[in-house]
Amino acid sequence: MKSMLRSVAVGAIMAVTAMAGAAHAENEQFVWISHGPDSDSWFNVIKNAINVTNEQMGVSTEYRNPPTGDLADMARIVQQASAAGVDGIIVTIADYNVLEGPIKDAVAKGIPVVTVNSGTVEESKQLGALLHVGQPEYEAGLGAGERAKEEGITSFLCVNHYITNPQSVERCRGFADGIGVELGNQMIDSGMDPSEVQNKVKAYLTANADTGAILTLGPNSAEPSIRAVKDMGLDGEIYFGTFDLSPEISAAIKDGTINFAIDQQPFLQGSVPIQVLTAFVRYGVAPSNSVFTGPGFVTKDNIDFVESLAGEFR
């Protein structure tokens with residue numbers, strides 16, 4: 001019996017040794033592909049997380065994005081990474097229909113994929129990815145809406161700077177459901193040009209003077225909206241929530257212009273997929289569930305701590 005156990009143990013050790021020998025020991029090549037244009041500062045925390053995690057894990061992860069945010073360009077980046085035979089791809093599902101083909105092609109080639117940030121767990125599974133790392137967007141919007149409802153909010157403006165991304169619409173829809181109204185023309189397609197965003201917000205609030213709240217979906221829409229609200233003398237008067245953080249958003253929380261920011265913890269979105277791919281490529285192991293990184297709420301109560309980490313880790 002002891003002999004049999006010893007044989008089994010030796011066999012197991014040999015199998016593990018063989019697996020370790022076959023696996024990459026270091027310097028795996030990954031690509032982290034985002035939909036964010038060069039102008040979107042939110043992804044700076046992602047980039048920092050990539051650099052930190054590369055050093056910790058002994059891998060090389062290249063951050064790539066379409067400079068203008070063009071999704072056809074993003075699809076080509078996925079195709080290029082797949083053709084290069086990288087060890088793993090991390091990619092946002094900015095538009096399922098545009099990215100489905102290139103991502104499924106990568107999976108078919110045996111390249112492990114982790115989806116991140118934009119998209120849903122269901123879409124990630126349909127694409128054949130290992131898992132999804134990100135914030136459930138409808139639920140985040142819903143939580144924000146419920147928070148606003150407690151303050152008596154019954155009407156709002158949702159400033160959507162990236163309306164071609166279906167998940168941005170889910171944020172607005174969740175907020176509407178949270179306060180108990182239908183989503184309709186309260187959501188505007190603001191675009192990303194700061195002056196255009198500011199002017200569109202002013203125009204909406206002028207035409208709809210009874211608007212109780214503003215929800216912006218990130219720095220690209222939040223920062224011009226802050227300026228619009230201040231120009232109109234509504235700072236501190238209109239309920240204001242936003243997704244994500246930036247120095248200007250932090251300052252607006254501190255001075256009372258913004259009531260809360262939703263932190264989806266981009267550092268985790270940058271780091272966790274690299275850790276997952278490294279473990280999968282080296283040892284064949286991966287979490288069995290997707291990883292939710294948010295939502296968390298940043299208010300006056302915790303802004304000082306969060307602000308000290310903003311731009312690098314928050």
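A pocket, on a 1 Å grid over the protein atoms alone, is an open set of points with protein on both sides within 12 Å along at least five of seven lines, whereas a cavity is a set of points where a 1.4 Å probe fits but cannot get out; in both cases, lining residues have an atom within 4 Å of a point. The model shown here is predicted, so to speak of local features a pLDDT of at least 70 is needed, side-chain atom pairs count only at pLDDT 80 or more, and totals for chains, interfaces and linings use all residues. Residues are numbered from 1 along each chain as its sequence is written, and side-chain values use heavy atoms, with hydrogens and water left out.

**View 1. The largest pocket has a volume of about 180 Å³.** A volume is the space filled by probe spheres set on the grid points, which are joined across faces, edges and corners. The pocket is lined by 13 residues, and Thr-120, Glu-122, Pro-136, Glu-137 and Glu-139 are the closest to its centre. Helix H5 (121–127), helix H6 (137–150) and H7 each give two or more residues to this lining, and H6 gives the most, with three. Helices here are DSSP runs (H or I, at least four residues) and strands likewise (E, at least two), numbered from the N terminus. By class, four lining residues are nonpolar, five polar and four charged. Ala, Val, Leu, Ile, Met, Phe, Trp, Tyr, Cys and Pro count as nonpolar, Asp, Glu, Lys and Arg as charged, and the others, Gly among them, as polar.

**View 2. The largest cavity holds about 280 Å³ of space.** Look around its centre for His-35, His-161, Tyr-162, Arg-171 and Leu-217, the closest of the 23 lining residues. Helix H7 (166–179) and helix H9 (219–231) are the elements that give two or more residues to the lining; the largest share, three residues, comes from H7. The lining has seven nonpolar, twelve polar and four charged residues. A search of the whole structure finds one cavity of 30 Å³ or more.

**View 3. Strand E1 (residues 29–33) is largely enclosed by the rest of the structure, because four of its five residues are buried.** Buried means under 20% relative accessible area (1.4 Å probe, protein chains only).

**View 4. E1 pairs in the parallel sense with strand E2 (residues 60–64) over five bridges.** Strands pair if DSSP finds at least two bridges between them. Val-31 stands opposite Glu-62 in E2. On its other pairing, E1 runs parallel to strand E3 (residues 88–92) over four bridges, and Phe-30 has Gly-88 of E3 as its bridge partner.

Conventions:
Buried < 20%, exposed > 50% of the residue type's maximum accessible area, 1.4 Å probe, protein only.
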